[in-house]
Amino acid sequence: MWLEILLKSSEPFPKVNSVSVPFLNLGAQHEPLRDELDAAIRKVIDANAFAGGPFVQEFEESFADYCGSPHAIGVGSGTDALWLALLALGIGPGDEVVTVPNTFIATTEAISFAGATPVFTDIETTTYNMDPARIEAAITPKTKAIIPVHLFGQMADMDPIMEIARARGLAVVEDASQSHGAAYKGRRAGTIGDAGCFSFYPGKNLGALGEAGAVVTSDEGLRDKIRCLRDHGQTRKYHHSMVGWNGRMDGIQGAALSVKLRHLETWNHLRRARAAEYRDQLRGLEGITLPVEAEGHRHVYHLFVIRLGRRDKLIHFLGERGIACGIHYPVPIHLTGAYQFMGLGSGSFPVAEQCTGEFVSLPMFPDLTSDQVREVTAGMRAFLQC
Ligand SMILES: *Cc1c(COP(=O)(O)O)cnc(C)c1O
């Protein structure tokens with residue numbers, strides 16, 4: 001009977017495709033590290049050092065070194081990193097924080113949960129990052145900080161951002177969650193503002209085996225305050241000097257991240273190599289905008305994002321060929337249900353809104369092969385011919 005229904009149905013059989021090019025492949029990343037990761041986890045179990053502790057501290061030191069920052073504070077997630085950095089900077093109710101509408105919602109959640117108000121400013125059409133020329137217009141007497149988001153693996157144009165911030169006495173918190181190891185004029189992501197916030201969500205350029213994050217800073221006062229805040233405001237066990245939170249990094253994550261950090265440079269290098277191949281093979285194709293690596297920047301291609309008008313059709317077309325794409329992000333923050341209360345309608349941030357409607361993230365991860373890149377670009381050429 002079911003067969004009859006299926007055969008009579010006007011709907012075609014749902015096509016079951018095997019994925020030939022996944023969007024991300026964490027299995028391929030972890031397989032060669034399996035023994036090392038197992039040993040690292042075993043050490044944490046043997047030492048009973050599960051919440052914060054020596055394995056987190058060891059990672060903090062090596063991650064600070066990697067970034068070129070004197071201090072790193074391991075926390076529970078990238079969202080915690082942003083929130084605790086804002087709290088430590090004294091940002092709270094009545095304050096405004098300038099950021100971009102095209103980011104992952106964690107950026108504005110951190111502002112909202114600090115009790116402050118996000119104020120959006122539009123982005124550049126070339127890099128999709130905060131447009132320094134528009135920042136001044138978003139600043140009011142209530143503005144206390146700016147959060148540039150280093151989106152897709154490339155840093156925002158930090159010199160003019162810092163200049164505006166310093167002239168106005170504003171703090172700068174870099175959201176570097178997508179830019180581990182990216183650089184701007186020789187300085188790594190997270191080290192230019194007052195604080196740099198990182199996520200080690202598994203899919204990031206440096207990902208934990210669960211949730212984790214970190215703040216880097218060169219300011220000792222800020223470091224101490226974030227350390228205190230992430231640990232229930234304790235300076236000593238059960239001596240609470242402020243109202244804090246449980247924002248500690250998990251010991252197993254610290255140990256796993258120390259293993260994985262040793263490979264981050266190689267992985268970023270591989271991402272850049274595959275990005276160069278995409279670029280070579282897609283150059284000159286009508287109707288496609290390729291990502292731009294701006295002058296003086298080192299892009300680490302957390303995502304390889306192109307723009308084109310018929311975005312949804314392309315994703316469907318490639319999907320049928322077993323190629324998985326993504327959209328980062330389908331709705332700019334001011335148009336999400338969560339921030340509807342701000343009353344910022346469609347047309348408020350035209351560049352961000354237009355880009356949002358055209359973005360396609362192509363498969364990008366360190367173990368992506370050159371053959372897979374060719375398969376994706378062949379698929380795109382076939383799409384553009386029909
Ligand atoms: C991933 C991400 C975050 C949040 O990080 P979590 O570790 O998932 O909390 C914040 N901002 C941006 C831009 C991100 O990509």
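This is a predicted model: local features need pLDDT of at least 70, side-chain atom pairs count only at pLDDT 80 or more; totals for chains, interfaces and linings use all residues.
Counted by residues, 33 from domain 1 are in contact with 35 from domain 2.

The domain assignment builds each domain from two stretches of the protein chain: domain 1 takes residues 4-26 and 264-384, while domain 2 takes residues 34-121 and 129-261. Taken over C-alpha atoms, the centres of domain 1 and domain 2 are separated by 27 Å.

## Polar links and the make-up of one side

Between domain 1 and domain 2 there are 22 residue pairs in polar contact. The elements that give two or more residues to the side of domain 1 that touches domain 2 are the helix α11 (264-282), the strand β12 (297-298) and the helix α13 (350-356). Of that side, α11 supplies the largest share, with 5 residues. Sorted by class, the side of domain 1 that touches domain 2 has 21 nonpolar, 8 polar and 4 charged residues.

## Salt bridges

Side chains of opposite charge can pair when their charged atoms come close. The structure as a whole holds 18 salt bridges, and 1 salt bridge is found across the interface of domain 1 and domain 2. One of the salt bridges in the structure joins the side chains of arginine 188 and glutamate 265, with a distance of 3.5 Å from N to O.

Which residue forms a salt bridge with lysine 144? The partner is aspartate 95, and the closest N and O atoms of this pair are 3.0 Å apart. This pair links distant parts of the chain, since lysine 144 belongs to strand β4 (residues 143-147), whereas aspartate 95 sits in the loop between α5 (78-88) and β2 (96-99), 49 residues apart.

## Around the ligand

The ligand is surrounded by 16 residues, and the closest of them are Gly78, Thr79, Asp175, Ser199 and Lys204. At glycine 78, a polar backbone atom is 2.7 Å from an oxygen atom of the ligand.

Side chains also come within reach of ligand oxygen atoms: an N or O atom in the side chain of serine 199 is 2.6 Å from an oxygen atom of the ligand, and for an N or O atom in the side chain of glutamine 178 the corresponding distance is 2.9 Å.

## Two details of the backbone

Most residues other than glycine have a negative phi, and most peptide bonds are trans. Against that background, two places in the chain deserve a careful look. Histidine 328 and tyrosine 329 are joined by a cis peptide bond, with omega at about 5°, and tyrosine 329 is found in the loop between α12 (311-320) and α13.

Where in the chain is asparagine 48 placed? It is in the loop between α3 (34-47) and α4 (54-67), and its phi is near 50°, which is a positive value in a residue other than glycine.

Conventions
Residues are numbered from 1 along each chain as its sequence is written. Side-chain values use heavy atoms; hydrogens and water are left out. Domain bounds come from an automatic or database domain assignment. Contact means heavy atoms within 4.5 Å. A salt bridge is a side-chain nitrogen of Lys or Arg within 4 Å of a carboxyl oxygen of Asp or Glu. A polar contact is a pair of N or O atoms within 3.5 Å; within protein, one must be able to donate a hydrogen and the other to accept it, and residues adjacent in sequence count only if both atoms are side-chain atoms. Helices (H or I, at least four residues) and strands (E, at least two) are DSSP runs, numbered from the N terminus. Ala, Val, Leu, Ile, Met, Phe, Trp, Tyr, Cys and Pro count as nonpolar, Asp, Glu, Lys and Arg as charged, and the others, Gly among them, as polar. A residue is near a molecule or strand if one of its heavy atoms lies within 4 Å of it.
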